[in-house]
Amino acid sequence: MELYPTLSVPVDTQPSAPQLWRAAYETGCPAALWRLPNRPEKHLIIHFGDELPQVPADLEELPAGFAVSPFDNPDNERTLFLRADAHYIFQRDEFNENLSKTDNKQAEAFYQAVERLLIAPAQQRVPVTQVTALSKPEEQRRFEAAVAEATSQIQQGEFRKVVISRTKTVAFSAEPDVVQLFEKLCEAYPTAFVSVVWLPERRQVWISATPERLVSVDADGIFRTVALAGTQSAYDVDGRLKRTSEAAWTQKEIEEQALVGRYIIGCFKKIRLREYIEEGPKTAIAGNLMHLKSDFTVDTKAVNFPQLGTVMLRLLHPTSAVCGMPREAAGEFIRQHETHDRELYSGFLGPVNIQAESHLFVHIRCLKLEGQTATLYAGAGLTEDSLPDREWHETEMKCQTLLRVINA
Ligand SMILES: C=C(O[C@@H]1C=C(C(=O)O)C=C[C@H]1O)C(=O)O
């Protein structure tokens, strides 16, 4: 369902994505720029309003927009929502603009900024700036101690799996051009969900290239989710890209991924849904990494369950791919042992009711940009066989998904 009329105009008379982004950034309008996996088109929406509403993640009730949920979001009631007050679609040489009413102060300021940028002399592109890591040696020690403690508690039967995360801080020598970085990520990771979200209230830009679908409902009413876990490098020791058939998985990784799958099936059972199709697990490439992945699909029309997306979103988040199992005990361990606030990392994000589809992804392989400082987040799923130094190395590889593109 389109909320607004669509204009189709030649691209050379229209503002570019960097100009629109800049206008949103300068005028303090929340904005989201994204590209779905395996799709050519890119979307940009702008929200005109003073404060971002925090709403229940109810896919049937929400208008067209973009949802961003923190990790800590009981019943998904505190989901940030950017309305698609203006919606731009970029696809090859076509440009579509869907506009809302502009009788709002922020909209006026935004369109004035766009006009100013259109006639301003072309801005020199900020070269991708140098990046310096600001890590502290005690971070690795602290993380590895938490892994050892988790493993010991799992062996004692306190819980079965927990995902412990860490951060890595890097400093840019100048504020980076995020639209340019978005383009580079889209090119490097065609199968990822790539997004950039500007949250002026927090003065934060979140950038991610996530491989993990949480809940999708497409225009035909097909519901999708995945069980993703187990991690290894996509490259062999000589730096060559491996074929998926060359990936060898250990018992620990197979069990870890099976737990995520079982958790999803447990959610289907709670709502007595039996008509799901499970495919996998198969090895899936996610940028510089490989994971084990199972796909789950349901035809919501055939089972006459149009609200399945919303119901499953509430049951699934946070899944055992980012929290653990059982969820409560794992969540408690995370609260006690992680020293940083996860904020939006390991929450979910994505377009809602855009072109009659909703696609929400687990917010991993992400960073938070505040001015020139970026905080990267990465977690590792722990079971009774986890080894602290290996898990640290795994989180380093996960940080590299974004860092190798930033540094390219
Ligand atoms: C938690 C993250 O990734 C998750 C954990 C994985 C693992 O433990 O092997 C693999 C994929 C993701 O489901 C992350 O990237 O931060």
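Modeller: Let us begin with a rule for reading sheets: two strands pair if DSSP finds at least two bridges between them. The helices (H or I, at least four residues) and strands (E, at least two) are themselves DSSP runs, numbered from the N terminus. This model is predicted, with local features needing pLDDT of at least 70, side-chain atom pairs counting only at pLDDT 80 or more, and totals for chains, interfaces and linings using all residues. Residue numbers start from 1 along each chain as its sequence is written.

Biologist: Thanks! How many helices and strands are there in the protein chain?

Modeller: The protein chain has 8 helices and 21 strands. Its C-alpha trace spans about 65 × 55 × 40 Å along the principal axes.

Biologist: Now the hairpin, please. Which residue in the turn between S11 and S12 has a positive phi?

Modeller: That is Arg-203, with a phi of about 55 degrees; the hairpin of S11 and S12 has 4 residues between its strands. The two strands run antiparallel and are joined by 7 bridges. As an example, Phe-193 has Thr-210 in S12 as its bridge partner. S11 also has strand S2 (residues 31-35) as an antiparallel partner, through 5 bridges.

Biologist: Is S11 (residues 193-199) mostly covered or mostly uncovered?

Modeller: A residue is buried if 20 or more other C-beta atoms lie within 10 Å of its own, exposed if 12 or fewer, and partly exposed in between, with C-beta atoms placed from the backbone. In S11, 6 of the 7 residues are buried. In the protein chain, 44% of the 408 residues count as buried.

Biologist: Let me try one residue. Why does Val-205 count as buried?

Modeller: Val-205 counts as buried because it has 23 C-beta neighbours inside 10 Å. This residue lies in strand S12 (residues 204-210). Leaving aside residues up to four places away in sequence, Val-205 touches Val-178, Val-196, Val-197, Trp-198 and Leu-369. A contact here needs two C-beta atoms, placed from the backbone, within 7 Å.

Biologist: Which residues touch the most other members of the largest nonpolar core?

Modeller: In soluble globular proteins, nonpolar side chains tend to be buried together. A nonpolar core is a set of buried Ala, Val, Leu, Ile, Met, Phe, Trp, Tyr and Cys residues joined through C-beta atoms within 7 Å. Here the largest core has 109 residues, and Ala-31, Ile-164 and Ile-207 touch the most other members. Beyond four places away in sequence, the contacts of Ile-207 include Val-178, Val-196 and Leu-369.

Biologist: What is the strand order in the open sheet of 9 strands?

Modeller: The order is S4-S6-S5-S18-S19-S13-S14-S16-S15, with antiparallel pairing. At the edges are strand S4 (54-55) and strand S15 (277-286), each pairing on one side only. Within this sheet, strand S5 (residues 65-69) and strand S6 (residues 79-83) share 4 bridges in the antiparallel sense, and Gly-65 stands opposite Arg-83 in S6.

Biologist: What covers the buried residues of H6?

Modeller: Among the covering elements are strand S13 (213-217), helix H5 (251-270) and strand S19 (358-362). The buried residues of helix H6 (residues 308-316) include Leu-308, Met-312 and Leu-316.
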